[in-house]
Structure formats: structure tokens, C-alpha cells
Amino acid sequence: MKKYNNYRLFYVVKLLTYVKEFIWEMVLYLICGGIYRIIPIVSAALTAYMIGHVGSGGTIEAGFIILIAVIAALRGIFSYLDCMISHDIAYRILSKFRVLLFEAIERLSPSNLSTKRTGKLISTTMNDVELLEWFYAHVVGVFLLSIIIPIGTIAFLWNIHPFIAVAVIPWVCIVIFIPQIFKKKADIQGNEVRDKHSDIKAVSVDGIQGLKDIIAFNWKDSYINKFKVTASEYEDANIRYSKRKGTEVFFIRIFIAMSMLSVLVTSAALFSNGLITIEWYMVAVILSGAIFAPISEIMSMSSQFGLIFSSAKRVDDILKEKSYVNEENAKSYNIILEPVVQFENVTFRYPGQDKNALNNVSFTVKAGEKIAIIGSSGAGKTTCGKLLMKFWQPDEGRISIGGVDLQDIDGESVRRQISTVSQDVYLLRRSIKDNIKLGHNYSDQEIFTAANKASIHELISSLPDGYDTKVGERGTKLSGGEKQRISIARALLKDASILILDESSSNLDSINEKIVNESLITLMEDKTTIVIAHNLSTIKLCDRILVLENGSVAEEGTLKELMNSSKSFKQIINKVS
Amino acid sequence: MLINFKILSLAIGSYKPIAKKTAIQFFIWCINAGHYLCIAFFLREILNGKIKQNTIFTYIGVIIFLIILNALLGKYDSYFDAKLGSLIKTDLRIKLFKKIFDIGPSYFNSGNTGHVSTIMSSYVEALAPYFSTYLPHLISTVLGSVILVTYLFYVNTLIGIVSLIGILGVLSLPNFWIKLMKERGNEDWKKYSDLSAHLLDVFQGMETIKSFNASSNIRQEVINKSLAIHKNTMEHLAVSQIESGFLQFSAAIGSSFAVALTAFLASNGTIESHRIFIILFLISSCFSPIFSLINTWHLGFRGVSASNFILKLLKVKEEMKIFTASKTKAIEKVQKIKMENVSFGYESKCVLKDVNLIFDRNKITAIVGKSGEGKSTLINLIMGFVTPWTGKIFINDCPIENLSEELYRSKISVVWQDPYMFYGTIMENILIGNPNASKEEVERAAKNAKIHDYIMSLPNGYNSFVGERGMTLSGGQKQRISLARCFLKDSPIIILDEPSSALDGKNESYVQDALKKISKDKIVLIVSHKSQTVSFADSIVVLKGGKVHSQGTHSELLNTNLLYCDLMKNQEEHSA
């Protein structure tokens, strides 16, 4: 979008590129839709002709009436075809958009999504995409037809008498021009409406997920008020949009009616002077109205253009957003890399922050070695893990696995080398089994074995539905320890040669903790392990310790070395445990 | 015709504007009919050939007047349409949102957030046109048709009958389809809501999904679910379009066929030929709203099928209705919470049995037990999220159901195990505790909760955004922010639900001191397992199998209680 004037054209072209693969269906649609829209015009002209004929004293055959009945039946058939074909194209494209949006969000996650609200993303994927149905089902084909049909009709009127066509043409031009005047305003207002609509979704998701806290802090009334404001702001935007639409409707109605009036008067003059017969007079008057049917169909859509194109923009913005993680030169790697992790002078800063999260950090983890990273919150421990997972990328320096620079491997392949057990375990809203499988094809036996090793098998089996028990949303039905053990089972199944444990035993009750630690030891066997540690018990499991302070490596050594040599380390250890 | 009294109840409070909208619609119908009649009379006079110039100008004048009036009304109608929709939608959304609070948090644990938030946004949006467009359109069309058909019967019975058949067809055909449509319409919404809820879930869990290389499988699920929408929509459309085809046919019979019949009868001399122009134009003006009624019926139908889900949500059991009193006298000073023979469970499984407990002011009470022994349920009961099966809970000596919710909530605050951070800044998130607090008070609360230093280390300090659901914060930081909310609220009862991450490591002793300080004059309940946390509590309750197993101080229990020793031993082995 370079200039504002090109805004709509830009998105029309963008949206049209998706029609390409449905080109033959589109042609079929134009034929059926064309017939469907011509039928009422033909039938109106025929009846008008007959009325005129009878009015001037003529008689008509009964056959005419049957012809009209047949046309009425055809109208029904083609209305069916028109709708089915256009919507089939439209909904195919909508599904495609939804998948493309999913892919884009997958690509952007988690780095670009830290500032976005999920509710709004959903609103775009569901509601904005749904709105594009108008474009594909009611604009693309109709637009062509609303050019062809009026031109044909005008040509027909010209045949009756050129003056009649001349009386219609200016009004048609004016009517088509009206939305142009309001275009800019329509686009701005349309954007506002769509944006406020997505706020409703976001505020309700926040409200429902935070229900317990809202109630606990007696915040209910103000939150309801907040929601009220969001809902009303959306409706205010809607009303402003409709007011403008009303003004458009006002002018369009006037000019359409004026067209009929001028034909009425012009033809009256022609008839009085004997230039046309009464039959054609009637036909002309009726057609001068009918000519606008396809035009007003597209006009009524054009009053929605503001909404359609702002939805198109919101969809397109997500599709074309660049991820912070640059994958341009990255290739997919199918081989298993040697589990050696190396950070070389890594410096990293989160966007929008003015302090580096990591400063010139260097360390190496040898194959099979277990290293603990400790430090106070905000020291950069978790950031190290995220960089290694290629969820972010360093601003300077180099991270490598088995000597291969992460820059050269795509994120998917990087993550294939690594298992994680993280602090905030997310369980999807599906069965426990599916949560352990996470889409992979593990056999039941493999799952049971992993669950057994993670000391969770017994508990799962004791549930009424066993492994098919559905996990409550955000995992609320399982305790912290249980969730953690499920995530350990996931990691066991994945069996990657590198393991990242993020504050893995911080949130558990005591009985669980012992079990979790035992399963962790099983999990860590033979693996290159990075533990972002909080508890002495896990630190003790490691060969070497790395102390981070303000994004830099402050100290490094074995537990013994550090205990003996470093005062500050002792302090940290005392704080930690 | 789709009129159903249950749906009408959803727009209660907007009946007047709906009536107004109907009146506008009918007025527009009249103007249209007048406009077309003028044209018809004009034509007749032209045909008679004896028209005077003056008469021509009068006709043109009247027609222009009607055109402008019609356009003005159209403009107002467009505005009023949105206005009416806004009234209905806002009312309903707020009603639903309040309902969510009455249902309470326990319902939303089982994965309903996605679905319910879709109801709030999309379903309500789809319902509005039923009231703002379909209903007014329907009523005014019926009124107009009565007038039209009466006139046609007056002219000729046969034409009247043909027209009537056409109109009745348009009005009654939908009734034969409603059942077929309803199933598919509901299915449509289900598929739509299903994808929406699915996306909410996978977007929020995307980091996990990527970590386990599950993206391509989840992608396939998204493809299947969105293709299911396509398939279902097409099936639904097929049914509705066959119906629509019949409607179109029916309307065309009523209009074109009736006109053709008129012409035929006129050429037979059965009706006077001067009437045919009037009939031609009257019928075309009257049937254009009938044709558009066919289009609005689909809008209306979408609303009807959405209403099923809205009505269903409004019927969900309100767990939070334990507080029946609307206004009660203030409680002077909260002295104790008393639970008397309280039992409770989910579905048919009993979780707590005959619990009798008293929590006193000036005391910190800890509740310990393995997971699944009923600790969280105990908190949910005290919070009034669920109603006891048997037994009662008292504040001082007043059963909590005799208190107003507002009053009760002002006495109690909770730090949840997984506190929710709302979209906004840290400042806003702490202010939830007391929206009227000053900046200094917020900082003092944050210092007490030992989160101030961390906040100040952020580039934007208290104005830093927490990200969605507090994405930028660790579990412990979220709990400490929640603790700051708690200190700010300064309520006489404080509950800490598994505060292990907030209290761990270096912050522990500091936060404990702060807790001890504020526990003067307060009732503090801690659900925890950490030996340090529990040891400083004045009293410890051990839960087992949904019953109070034992109660005492740390040292008492260590000496006498094996279960307690067991709980503590496991803890110490691993953290020291």
C-alpha cells in the first residue's frame, strides 16, 4: 500500500490472486449468476410489454402466461446455482485463509506474539476471514455482472429509442460514482469497526480466563463496566459507519428514482409524438428500474467495502509480518547433530527494551554434560533457553549445535534436536494421551512406558477415563506436579539428545517433588542437559554450574569449586534453596 | 415466519425501538407504493392522451417529493438499524457477561472459554439482525400484503387468489424447512465455534507445540476443522437454497404470473383495462419487499440458530448464587470463619466430608495434604465459587448466604497458584486490589510483596506491559504481583493458594515477615507444603481423604503425627 488512493485496489488485487485456482468455477458462476440476474429483467419486460399491449386494446394468448410460469421456475433453479457456486468458491478460499493464518501465527510465535492478544488473533482468523466471504461470494462475480447486465440493458433501451438510453446513462454514472466520494471515510470507519469488534473478543477471553482473580479482588463491577465500555465503543463505531452508509443510501436512492422519472417523462414525450408504441413505452419504464437491480446489489456491497477491505488488511498484515527470527538462509536438517551446545559472545536484547538481556555470553556444553544455569530473576537464564530453541535469535554472536550455526538451520530442525521441560507447562484442551503424543504417532505401549518412567502412569490409569480423560482448559484440573510429569513424559518420548529443564521443580508440592526428581534423573540420562535451576536438589545433579548476573556470565565451575571459591555464589545458593 | 417467544425474550427492553423500526419500514413501504401508483396514474393519463401540462408538472412534483422522502427515510433507517442493533447487542452482551460471573469459575475449567467467548462476540452479532432487520421487515411486509391482496380481490378474485398463494408461499414455506435448517444451522455454529476454541487453545500453547515439533500435525487439524466449516456450510446452503428457490418461484408466481394473468383477463375483457397499470405497478412495488424478505430470512435464520446457544448459556446452572441477600448490614469486625459439617463433591464424587473448622483472627492457618485431598475445594467453598452439599460456612456467626456478595468479597482476597495477569501494565494489574490507591500505596504494596525491585529494573517500571496472560513474567513474579494486589486491598481475610513460587528462595523470609506483619488483625489461610512456610503458621490443618486428619502447631504435629512428618520429610530431602 503506497498511497491511500491505491488502498482498495491493492487489496482487490491481493484478494483476487486467491481466486486464480478456481477460475473455471468462476466462469461457470458468471454464466449461472448472469442468467439468474437477467431472468427478472426479461420477465419484467415481458409482462410490461403484455400490459402495454392489452392497454392499447390488443389481446394475448394463454401461452404467454405459461411462458411466464416457466420463467418463474427457471428463476428458482438459477437462484440455487448462483448461490451454491459462489459460496463454494468463497468458503474454499476462506478455509485456505484460515490455514494460512495459522501458519503465519505459528511462524511468528512466540517472538512476535508477546505484544499481541490471542483474542484479537482469533477474531481475525474467524471473523475477519468470515467477512471476506462477502468479497468472494458477493463482489467478485457480481461486479462483472453489474457491468455487463446494465450495458446490455442500456443497449436494449437504445434500440427502443436512443433518447431513452440517453436519459438513463447519466444517472447510472452518478450512482456508480457515489461510493467514490465516501471511500476514504468508509475505509477509516471500517477499520475502526473491525478493530473494536476484535476488542470484544479479547476482553471477554481475558475476563473468563481471569474470572477467579476478578472475583477474588472484588473487581467484578469495574470489569463488567470495562466490558460495557468496549461493547459500546464498538457499537458507536458501528453507528458512525451506518450513518455514513445512510448518506450513501440517500443519494443512491434519489438518483435511481430520478433515472426512472426521466425515462417516464422522456418516453411519455416520445409516445405522445408517436415515436414509440405503448408496449415499448411500458417496457422502457419498467427496464429503467430493473437496470439498477444488479447495480444496487453491488452498491449495497460497496457500502460494506470499508469493512471488507479493513478485514483484508488485518488478514494481510498478519500474513506478511516478518518474524524476528530470520529464517531466510536457514535450511531444513534431517540428521541428528552432535549434542554439543556452544554460545559464542552472544548478545541479545528484546525489542523495545533498552537493556541487553544477554551481554557477550559464551559457554560450551559438551556432549552428555549436565550444566546448571543459575542467577536471580531477570538475569537472562530463560533467555538462553529461548535462544537455543531458536524462538529468538541473537543480535550478535553465534549459537551452534554440533558446530552448526543455528542461523543456517530452520527452527523446526533446531527444535528436533532438543527436548524441553519448562516452567509453565501448557496442556492443550484434549485428552491426556493426545497431550503426551502431541500429534506424533507413538504407540500406546510407548506412551505407557514413557508415562511410567515419568511416574504418572499410575495416576492416569486411576482416572475414570484413563488416558482418554480430557484435560481441563489451561490444565486447571491437574496439579502442578502432575502437569510437570506429563511434560516429562512428552520429553521422554521425544528422546532428543539435548534437554532443557526450565525451573522444573519450582511449583510443586512435596510428595510430587520427590517423584518428579526421580523422573528427571531418568530423563537426563545420557543427555546433554541445560538446567535453568532454582532448587539445590536439581543443581546437585549437574556437572558444572554457570552463574548469570545481569545478562553476563559471572562465574563458572563445579558446585565444589564455587562453594569454596566464591562468596557471591554461596549467597545465591543460600537464596535459591 | 420465524417467530418464537423464547427468542423474543432475548431482546426484552428493546421492544419499543423494534416497533419503531417496524413503523419506519411500513412507512417506507407506503411511500414506495404511493410512488408507483403515481407512475401508474401518470401512464394512464398519458395513454388517454388528454393530459394537460399542469397535470404533468403536478405528477412530477409529487413523484420528486416522494423520492426525496423515501431517500431521507432510507438514510434514517440505515442509522436506526445500527442503533437498534447496538441496543440489543450491548444489552445482551452485558447480560451474558454478568451471567458468566454468576456461573462462576468452576464451569470454565472444562474448556468452555473459547466457546463462550465466541458466543459473546459472534453469536450475539448474528442474532441482532433477526430483531433489527428480519422481524420489522416481516411485519411490515405482512401488513402491506394484506392491503395489496384486499385490493386485488376487489378487482378480481382470480388475481387475488394467485397473489395470495404467492405471498402465503413466501411466508409459510420456511416452516417446512425449519427442522432441516435447524440441524444444519446448529451444526454450522458448532463447527465454527469448534475451530475458534481450537485456535484459542493452540495459539496460547504455540510455544509448546513448536517445542515438540507438532506444528505440522496441528496444522492438519486446523485444515480439517476449517474444511469441515466449508462442508457444513455448503450442506446448509444446499438445503436453504432449495428452499430459497421455491421461495423465489413462489414470489415470481405472485408477481409476474399475477400480472400476466391480469393482462390476459384484461384482454378477455374480464377486468377493465384502466386498472391494469395500477395492478402492474402495485404488484411490482409490493413484491420487491417480499423478494428482499427472502434475503433477510437468511439473516433471521442465522440469528435463530445462534439464539439456541445463547439461550443455553443463559440456562447454565449458577453456582455462584450462594449469596442470596442483596444488601446486608456491615460486619463490624471479622473475628472468624467457621465451617460446620461441610460436605461437597463434584458430580457424584464426594471430595470433602463433614469438615468442621474454625479460622481465627490474628492467626495464620496452614492447610496441608497431598494433591487431591481437597485443599483447593476447601478454598473454592470459602470463596463461594461452589455451594456446599450439606453444612454451612459462617463469618463470625452469620451464614455467608445471608450476606451480599459485594460485602463478602470486600472482606476476602486470594493469591491463586496461577494468578491471572490482565492485558495492561503492571501498575494496572496491581491496582485491581484497590483502584483508588495512590502511586505510593502501590509501591509500598509491591515492596512488601518483594516485587518492587524487579519492577524498577524494567525499562518502563510500573508502566511496563505484562503481555497477554502475563507472558513476560515468571510464575513467581505473577504470584508476587498478585500478593501486592492483596496487600493493597487490605481485606480482613487473606488466602494464599500454593504460594510456593512467591515465597521461594531469597524472598521467602522477607515475604513471611510481611505476612506476619499484616496477619495482625487478619485471618490468613495458606494452602502449602513447604516446611518453612508451614512452620511459621500458628496452626496447621492436615487434610486426608476429604477429612480433617489432624490439627496443631508445627512442633506438635512433628512430634505426634506420622502423616505430617512424612509430608515434611519428602520436602526436606530435596531442597536442602
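Helices and strands here are DSSP runs, numbered from the N terminus. The model is predicted.

**View 1. K390(A) sits in a loop between a helix and a strand.** K390(A) is not a glycine, yet its phi is positive, about 60 degrees. Most residues other than glycine have a negative phi. Relative accessibility is 5% for K390(A), so this lysine counts as buried.

**View 2. N213(B) also takes a positive phi.** The value is near 50 degrees, in a residue other than glycine. N213(B) lies in the loop that links α6 (206-211) to α7 (215-268) of chain B. With a relative accessible area of 6%, N213(B) is buried, because the cut-off for buried is under 20%.

**View 3. A cis peptide bond joins S109(A) to P110(A).** Omega is near -5 degrees. Most peptide bonds are trans. P110(A) belongs to the loop between α3 (62-108) and α4 (118-138) of chain A.

**View 4. K433(A) is a buried lysine in a helix.** The helix is α14 (residues 432-437) of chain A. K433(A) has 16% relative accessibility, so it falls in the buried class. Its side chain makes a polar contact of 3.3 Å with the side chain of D444(A). Leaving aside residues up to four places away in sequence, K433(A) touches D444(A), I447(A), Y467(A) and D468(A).

**View 5. K450(B) lies in a loop of chain B.** The loop runs between α12 (439-448) and α13 (452-457). K450(B) is partly exposed, at 30% relative accessible area. L483(B) is 33 residues apart from K450(B) along the chain, and their C-alpha atoms are separated by 9.1 Å.

**View 6. Helix α3 of chain B covers residues 53-103.** At 1.5 Å a residue, its 51 residues should span 75 Å. The end C-alpha atoms are 74 Å apart, which agrees. Just after the helix comes G104(B), with a positive phi of about 90 degrees.

**View 7. Helix α9 of chain A is mostly covered.** This helix holds residues 278-290. From first C-alpha to last, its 13 residues reach 18 Å, close to the 18 Å expected. Eleven of the 13 are buried. Among them are I278(A), Y281(A), V285(A) and S288(A), as well as the charged residue E279(A).

**View 8. The second largest pocket holds about 680 Å³ of space.** It is lined by 26 residues, and the closest to its centre are F143(A), I176(A), Q180(A), I298(A) and F305(A). Helices α1 (7-17), α5 (140-160), α6 (162-209), α10 (292-302) and α11 (305-320) of chain A each give two or more lining residues. The largest share, eight residues, comes from α5(A). By class, the lining has 20 nonpolar, four polar and two charged residues.

View 9. Lining residues of the second largest cavity include Y11(A), K14(A), F97(A), L132(A) and D316(A). Both α1 and α11 of chain A supply at least two residues of this lining. The most come from α11(A), which gives four. Eight lining residues are nonpolar, none is polar and two are charged.

Technical notes
Residues numbered from 1 in each chain as written. Chains lettered and ligands numbered in written order. Predicted model: local features only at pLDDT ≥ 70, side-chain atom pairs only at ≥ 80, totals over all residues. Heavy atoms only, no water. Expected span 1.5 Å × (residues − 1). Buried < 20%, exposed > 50% of the residue type's maximum accessible area, 1.4 Å probe, protein only. Polar contact = N/O pair within 3.5 Å; in protein donor to acceptor, adjacent residues only side chain to side chain. Contact = heavy atoms within 4.5 Å. 1 Å grid on protein atoms, 1.4 Å probe; cavity = no way out; pocket = protein on both sides within 12 Å on 5 of 7 lines; lining within 4 Å. Points joined across faces, edges and corners; volume = space filled by probe spheres on them.
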